[in-house]
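Me: I would like to learn how to read a few geometric features of a protein model, taking each idea in general before the particular case.

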Amino acid sequence: QVRFVESGGGLVQPGGSLTLSCTASGFDFEYHMMDWYHQAPGQEREEVARIVQGGDRQWYPAPVKGRFTISRDDRKNMVFLRMTDLKPEDTGTYYCNVPQPPPAGQEFPWGRGTRVTVLS
C-alpha cells in the first residue's frame, strides 16, 4: 500500500528557512519522479518542485525558483524540500507525491502533509 509521510513544517519568520522531509513506501520509489505540492488555505493544491529519477534534474515554478531546492535519497525512499527566504504566501500545507495524475493502475493516496506558517 502506497503511503507518504511528510514532516518538518513549522512556524517561521519571513526570510526564514525550513527543510521538509517525506518518507515514501509501498512502491518502487527510485523509478518514479517525485513532486512537492503546496496548498494555501482555501486554494487548490499546486506543484512547487519536481525531481526526476536519479535526482540529476529538478523543476520549479517561477514563484519559488531560487528559493526552494528539492532532493531525494533513494536508499531511504525519501524526498526533501529545502525552503529559504520564506514569504507569507508560502504558508500552507505541503505534500509529496508522484506527478499527477499518477500512473494508471496504482493508487497514490495523499498523506496528511506538513503545515508551514510564515508570519506576516
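Reply: Let us begin with residue classes: Ala, Val, Leu, Ile, Met, Phe, Trp, Tyr, Cys and Pro count as nonpolar, Asp, Glu, Lys and Arg as charged, and the others, Gly among them, as polar. This is a predicted model, in which local features need pLDDT of at least 70, side-chain atom pairs count only at pLDDT 80 or more, and totals for chains, interfaces and linings use all residues. Residues are numbered from 1 along each chain as its sequence is written, and side-chain values use heavy atoms, with hydrogens and water left out.

Me: By class, which residues make up the lining of the largest pocket?

Reply: A pocket is an open set of points on a 1 Å grid over the protein atoms alone, where a 1.4 Å probe fits, with protein on both sides within 12 Å along at least five of seven lines, and lining residues have an atom within 4 Å of a point. Here the lining of the largest pocket has six nonpolar, one polar and six charged residues. The space in this pocket is about 150 Å³, a volume being the space filled by probe spheres set on the points, which are joined across faces, edges and corners. Of its 13 lining residues, H38, E46, P63, V64 and D90 are the closest to the centre.

Me: Which strand gives the most to that lining?

Reply: Strands are DSSP runs (E, at least two residues) numbered from the N terminus, and β5 (residues 45-51) gives the most, with three residues.

Me: What is the order of the strands in the open sheet?

Reply: Two strands pair if DSSP finds at least two bridges between them. The open sheet of six strands runs β2-β10-β9-β4-β5-β6, with mixed pairing, and its edge strands, β2 (10-12) and β6 (58-59), each pair on one side only. Within the sheet, β4 (residues 34-39) and β9 pair in the antiparallel sense over five bridges, with Q39 opposite T93 in β9.

Key:
Helices (H or I, at least four residues) and strands (E, at least two) are DSSP runs, numbered from the N terminus.
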